[in-house]
Amino acid sequence: MADSPRVRFAPSPTGYLHVGGARTALFNWLFARSKGGTFILRIEDTDAARSTEASLDAILKSLLWLGLEWDEGPGREGSSGPYFQSRRTAIYRAFASRLLESGHAYKCFCSQEELKERKAALQARKEASHYDGRCGSLSAEEVVSRVCSRIPHAIRFRVRAGATGWDDAVKGRIEFANEEMDDFVILRTDGTPTYNFAATVDDLSMRITHVIRGDEHISNTPRQVLIYEALGEALPVFAHVPMILGPDGAKLSKRHGAVSLAHYERQGFLPQAMVNFLALLGWSFDGTQEIFSIGELVEKFSLNKINSNPSVFDHEKLIWLNGQYMKRLPLTERVKLVTRYLCEVEGMDVEAKGDWIARVTEVLGERLRVASQITEQAGFFFVEKVQYDENAKKLLISGEKTSEILVSIARSLSDLDDYSAGSIEKAVRGLAEKMDLKAGDLIHSARAALTGRTYSPGIFEVMELLGRERTMIRLRQAAALAAKGPRS
């Protein structure tokens with residue numbers, strides 16, 4: 001093994017980078033950085049029909065957004081390249097030849113039709129589907145004859161008797177009975193490698209010392225271990241990290257929030273918050289600390305702190321974490337995030353509204369934990385006609401003086417020379433005193449009328465940002481509703 005660790009992240013460019021893959025990439029990157037090792041990005045693009053440049057570009061952008069720069073890989077060539085599996089065919093064939101020569105692999109001339117027929121026969125007898133190994137007993141003369149006759153053939157690995165196991169850095173000792181495995185194909189009839197063979201050859205030739213990946217790969221590992229053994233090579237350290245579940249205990253899916261990293265970026269999540277969140281999906285330093293800088297994660301990360309049990313994707317916790325980072329940002333940076341979200345996702349023309357958006361962002365303060373919440377926390381700013389929720393409507397129609405209060409506020413605002421939050425507050429509080437009411441009575445009624453809710457940022461700032469005209473229109477519309485009383 002190399003003196004310093006070499007790890008890899010090996011995505012397939014058939015879609016976007018999602019939470020599970022991002023967590024795997026992060027753990028590999030953190031391990032490499034914590035040990036002074038090398039982080040390799042390898043692209044497993046042997047599925048030519050589904051691999052696309054758009055997916056590859058999206059994956060690379062998401063990794064860079066997270067700050068997970070690779071030491072070797074696309075655009076950063078090293079001595080272990082090429083880093084695309086589609087360009088490594090000659091390497092796979094050379095390793096397959098080694099296994100053929102040593103007798104650990106053999107040529108299989110069974111056609112797909114024959115294999116399907118045998119599988120159907122086994123199923124009819126209610127027997128487990130498996131390859132019977134018949135081509136493994138062909139004589140050298142029979143093999144040469146069939147090759148000369150140009151009969152298509154795959155190459156199968158000859159699985160030895162006994163058991164195969166390894167000491168997993170996360171899961172502990174794992175063993176499989178070899179009788180549970182067929183003699184598996186390593187090169188298809190078209191010369192392309194299967195996943196287990198390509199991954200093993202790549203890990204071996206790239207001198208990977210630690211294979212850190214999701215535990216869905218545990219069933220692949222015994223085949224890969226067998227290939228290492230057959231080649232006479234030392235095993236890397238395998239570390240299978242726990243599955244990520246949704247809050248309901250089911251496998252993480254889109255309904256739980258398992259969308260692409262690009263989606264989170266568009267919503268205005270901060271990369272440092274996302275890294276912090278991903279690190280806590282299956283890893284814990286001391287069970288209490290939850291907020292880590294990148295530097296702290298690098299310093300404190302270790303494989304023995306990875307939990308063996310599944311972790312839970314908690315979207316609310318991600319939002320909370322993002323809020324912790326958001327409130328540390330200067331206002332100008334928060335405004336940039338909000339402006340970009342409104343422009344790119346909501347399609348809003350923000351060019352002439354820069355100062356207004358900055359003021360809205362400032363007024364929301366720590367309520368705004370993610371840029372996309374601008375429409376949730378302050379959607380009433382962006383619509384012409386406000387919709388009342390049940391609590392706001394109940395407040396408006398149940399008060400005896402609500403209609404009078406709202407009309408009076410509108411009248412007092414129309415007389416203001418200085419339409420600013422400070423002047424508005426002074427006018428409203430003066431009106432409350434004049435009407436012999438508590439200021440809260442006016443404020444609560446105005447909030448329901450202007451925002452459609454019973455909670456909001458400071459109501460005087462809301463009035464200022466809505467502008468005099470829109471504020472007065474909403475107050476009078478709500479007054480008309482209140483005048484109808486419970487009948488409405």
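Visitor: In the open sheet of three strands, what is the order of the strands, and which pairing do they have?

Guide: This is a predicted model, in which local features need pLDDT of at least 70 and side-chain atom pairs count only at pLDDT 80 or more, while totals for chains, interfaces and linings use all residues. Residues are numbered from 1 along each chain as its sequence is written, and side-chain values use heavy atoms, with hydrogens and water left out.

The three strands of the open sheet are ordered β3-β4-β7, and their pairing is antiparallel. Strands here are DSSP runs of E with at least two residues, helices are runs of H or I with at least four, and both are numbered from the N terminus; two strands pair if DSSP finds at least two bridges between them. From one strand to the next, the twist averages 40 degrees. Four bridges link β3 to strand β4 (residues 154–157) in the antiparallel sense, and Cys108 lies opposite Ala154 in β4.

Another antiparallel pair is formed by strand β5 (residues 163–168) and strand β6 (residues 172–177), joined by six bridges. Thr164 is placed opposite Phe176 in β6, and a hairpin of three residues leads from β5 to β6.

Turning to the helices, α7 (residues 221–230) is mostly covered, with eight of its ten residues buried, that is, under 20% relative accessible area with a 1.4 Å probe, protein chains only. Among them are Val225, Leu226, Ile227 and Tyr228. Gly232, which follows α7, has a positive phi near 70 degrees.

Helix α9 (residues 271–279) packs with helix α11 (residues 315–326) at an angle of about 135 degrees, and their axes are 9 Å apart. Axes are lines fitted to C-alpha atoms, for helices over the stretch in contact, and angles run from 0 to 180 degrees between N-to-C directions. α9 and α11 are therefore oblique to each other, oblique being the class left once angles under 35 degrees (roughly parallel), over 145 (roughly antiparallel) and 65 to 115 (roughly perpendicular) are set aside. In this contact (heavy atoms within 4.5 Å), Gln272, Ala273, Met274, Asn276 and Phe277 of α9 meet Lys317, Leu318, Leu321, Asn322 and Tyr325 of α11. By class, the contact of α9 with α11 comprises six nonpolar, three polar and one charged residues.

How values were computed: Nonpolar A, V, L, I, M, F, W, Y, C, P; charged D, E, K, R; others polar. Buried < 20%, exposed > 50% of the residue type's maximum accessible area, 1.4 Å probe, protein only.
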